[in-house]
Amino acid sequence: MEIFQLVGIAFVTAVAALVLKSTKPELAFAVTVAGSVILLLFVFETFRDTLSIFSEIAEKTGIESSLVKVILKMVGIGYLVEFSAGILNDFGQNSLADKLVFCGKIVVLVLAVPIIESVLDLVIRLLELL
């Protein structure tokens, strides 16, 4: 199962960072970032195979595939920002982490505009039918 590999990578990264933190703190940060990137790449590889399912759902429900892509981008941005902010918090950069979360929310809001337009168009069409 992939989860055991992810947990293993996380523990190895954490132990290596703790060992290095006392002697070379700058390397501890690099090890943590490298381990985090490895975790993200591993998860993206696993998730990539399931993206076709979302396309099938879009086809079956009649939702535009571009809207599904936007929703997936929004979810991905949310996860990536939260993950990155956690790393920043681990290294005592709480203020920077908060600003990153705020910026991520703005990006998600900007990405939501086409979805809002689509919903408003649907509401207008429904009101015209009445």
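The model on screen is a predicted one. Its average pLDDT over the chain is 88, and 99% of the residues score at least 70.

Is Phe47 buried, exposed or partly exposed? Its relative accessible area is 37%, so Phe47 is partly exposed; the class covers values between 20% and 50%.

Two elements each give two or more residues to the patch: helix H2, residues 25-48, and helix H3, residues 51-61. The largest share comes from H3, which supplies four residues. Colour the chain by confidence at this point: among its elements, H3 has the lowest mean pLDDT, 80, while H5 has the highest, 91.

Next, select the whole of H2. This helix has 24 residues, and the distance from its first C-alpha to its last is 35 Å, close to the 34 Å expected at 1.5 Å a residue.

Which residues of H2 are buried? They are Ala28, Thr32, Gly35, Ser36 and Leu39.

Zoom in on Thr32, which lies in H2. Why does Thr32 count as buried? Its relative accessibility is 13%, and the cut-off for buried is under 20%. To see what is around Thr32, select Thr13, Ala17, Ile87 and Phe91; Thr32 is in contact with these residues when its neighbours within four places in sequence are left aside.

Ile87 leads on to H4, where it is one of the buried residues. The others to select in H4 are Leu67, Val68, Val70, Met74, Val81, Ala85 and Leu88, also buried. An α-helix has 3.6 residues a turn, so residues three or four places apart point the same way. For the cover over the buried residues of H4, display H2, H3 and helix H5 (94-129), which are included in it.

With H4 still selected, check its span from end to end. The 26 residues of H4 should span 38 Å at 1.5 Å a residue, and the end C-alpha atoms are 37 Å apart, which agrees.

The last stop is Gly92. Located just after H4, Gly92 takes a positive phi of about 75°.

Key: Residues numbered from 1 in each chain as written. Predicted model: local features only at pLDDT ≥ 70, side-chain atom pairs only at ≥ 80, totals over all residues. Heavy atoms only, no water. Buried < 20%, exposed > 50% of the residue type's maximum accessible area, 1.4 Å probe, protein only. Expected span 1.5 Å × (residues − 1). Contact = heavy atoms within 4.5 Å. pLDDT = per-residue confidence, 0-100.
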